[in-house]
Amino acid sequence: MNLKSTHLAIIIFVFIFGGIGLTSVTGYWQTTNTKIPAAYQDGEFAGQYDPADIRGSYTFGDISTSFEIPLKDLGQAFGVDPQRYASFECKELESIYAPLKEEGKEVGTASVRYFVALYKGLPISLSESTYLPIQAVDILKEKASLSEAEILSLEKIAVSLPDSEVLTDPSVTEGQQEQESTETISPDSHDTTSIAIKGITTFQELLDWGVKIEDIEKILNEEMPSPQKSIKDYAAEKGIEFSGLKESLQGLIN
Amino acid sequence: MSQTKIQQDSIPILKTTKSRKPKIRFYVQTFFFFLVALITLNKALSEVGLSIPYISNGSLHAICPFGGVASLYKFATVGTFVQKIHESSFVLMVIAFLLAILFGPVICSWVCPFGTFQEWLSRIGRKLFGKRFNHLIPAKVDSILRYLRYVVLFLVLYLTFTSTKLIFQDVDPYYALFQFWSDEVAVSAFIILGVTILMSLVIDRPWCKYACPYGAVLGIFNLFRIFKIRRATSSCTDCKLCDRSCPMNITVSSRKAVLNHQCISCLSCTSENSCPMSDTVEFSTKGGK
């Protein structure tokens with residue numbers, strides 16, 4: 001049997017578009033992700049969703065639904081604008097944390113996978129270049145059941161959010177870190193007055209910057225909330241104007 | 001009398017002229033090139049809330065059959081695909097394999113937009129270098145380099161299997177060409193695209209010949225494809241036009257059937273296209289008429 005170009009062209013069209021049509025009818029043809037991660041196939045965790053299958057296109061909302069992690073924890077852990085908690089896609093982290101990438105420290109989808117796995121007590125392996133924001137580490141310390149060794153290794157991979165760009169480099173000793181936490185504030189300046197409270201700034205960051213808990217409580221007129229809470233969230237909860245509270249707390253830093 | 005007529009009918013006829021009309025393969029290639037371009041454009045538009053009607057807005061990865069190949073290991077072991085790959089890549093992979101079992105790597109020669117892009121560039125190269133075009137690399141070096149794509153294939157599969165990431169994206173010139181506006185394209189992919197563009201001016205389909213891992217996979221099917229390029233030695237005049245027309249530099253004139261792993265089933269060498277003798281170089285099944 002001989003085949004000419006015209007016949008071959010027709011056959012190619014029939015195979016390609018016929019195949020696509022057939023699989024579309026059966027529902028198998030998918031060009032986008034279903035946003036549902038794969039489950040562990042076997043072992044102790046069989047049937048549970050596997051954080052390793054979280055993709056860059058998953059939103060924090062998708063992850064919160066699949067893994068039953070509060071959206072707020074995910075959002076605060078990665079320093080996301082509270083108004084975008086649900087719609088924030090993991091792959092967007094790469095642009096937020098781009099300055100760290102130049103130093104070989106990556107906060108991206110792999111960090112979310114690692115955070116989710118530790119939060120839920122699920123197994124996962126960590127790549128050498130993957131880091132977690134310090135807020136994520138704090139949330140894990142508070143909410144996940146971690147061993148001492150796990151806490152120690154988490155502290156080694158903790159990095160600060162880019163708005164302050166103070167990295168907790170494991171090679172820096174604790175003493176140096178304490179000194180630097182009040183001195184090295186941003187890459188452009190060594191002046192402590194350049195620390196600026198923003199919407200995503202947490203109470204923990206105030207403490208890290210050397211503000212005493214008693215002074216914060218004096219301004220709040222009550223006990224300080226969870227250190228992981230952002231100042232803006234606290235203000236919203238209490239019905240206080242954020243700008244006023246920010247100004248008072250900024251005074252403590254300055 | 002009737003016996004004489006039968007004998008005359010079976011004698012191959014020397015065709016004096018070849019049609020100057022663009023061949024049907026050109027139209028098919030152009031169609032798929034612009035279809036893929038529209039899909040990638042639509043994907044970009046969909047991210048800002050716009051869309052082109054009746055065109056898919058899947059990603060470039062979603063419509064690339066090689067994604068299916070790269071996902072095979074993960075699919076077999078975990079039941080999912082590597083990042084950015086979806087069911088559509090798997091469907092296209094199966095379609096491409098079925099076509100390859102029957103006809104060889106027709107996806108490369110009739111469908112792949114990056115192959116088309118290289119062919120378009122080669123038209124400039126032919127004008128620049130004339131008969132030297134596609135023959136500038138010493139045969140010995142060329143014959144060794146032809147196996148490089150299997151090394152690329154092995155590396156891509158190994159790194160994808162171990163990382164479960166689409167490693168190939170960072171060196172994929174096809175991705176760089178169709179996503180040049182995206183910040184997801186690595187510098188390495190742009191460099192390889194640049195090198196491929198320059199090489200396409202002196203060689204036909206340099207990426208396909210030396211580096212394409214998907215071409216390497218589909219090339220294996222040439223060993224057992226059902227339809228092959230077959231040459232009738234009885235009517236062949238040994239003019240070597242079939243050799244000269246082959247973009248992959250295969251010596252068709254010395255074989256009864258082309259089993260070469262580099263053949264892309266473009267049909268350029270056949271009696272329909274280059275061979276001046278009718279029914280002499282055909283794309284056929286064994287003993288096929």
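Contact here means heavy atoms within 4.5 Å; helices (H or I, at least four residues) and strands (E, at least two) are DSSP runs, numbered from the N terminus.

Before going on, a word on the ground rules: this is a predicted model, where local features need pLDDT of at least 70 and side-chain atom pairs count only at pLDDT 80 or more, while totals for chains, interfaces and linings use all residues. Residues are numbered from 1 along each chain as its sequence is written, chains are lettered from A and ligands numbered from 1 in the order in which they are written, and side-chain values use heavy atoms, with hydrogens and water left out.

Now look at how the pair is set: α3(B) and α4(B) pack at about 105°, axes 7 Å apart (axes are lines fitted to C-alpha atoms, for helices over the stretch in contact, and angles run from 0 to 180 degrees between N-to-C directions). That angle is why α3(B) counts as roughly perpendicular to α4(B) (under 35 degrees is roughly parallel, over 145 roughly antiparallel, 65 to 115 roughly perpendicular, the rest oblique).

**Stop two: α12(B)**

Show B:A96, B:F97 and B:A100 from α4(B) with B:Y214, B:V217 and B:L218 from α12(B), which make the contact.

**Stop three: across to chain A**

Zoom out to the contact between the chains: 45 residues come from chain B and 28 from chain A. About 3,200 Å² is buried between them, 66% of it from carbon and sulfur atoms (buried area is the accessible area, 1.4 Å probe, that two parts lose on being put together, summed over both).

Which residue forms a salt bridge with A:K4? Pick B:E282; the closest N and O atoms are 3.1 Å apart (a salt bridge is a side-chain nitrogen of Lys or Arg within 4 Å of a carboxyl oxygen of Asp or Glu). Finally, colour α4(B): with ten residues, α4(B) gives the largest share of the side of chain B that touches chain A.
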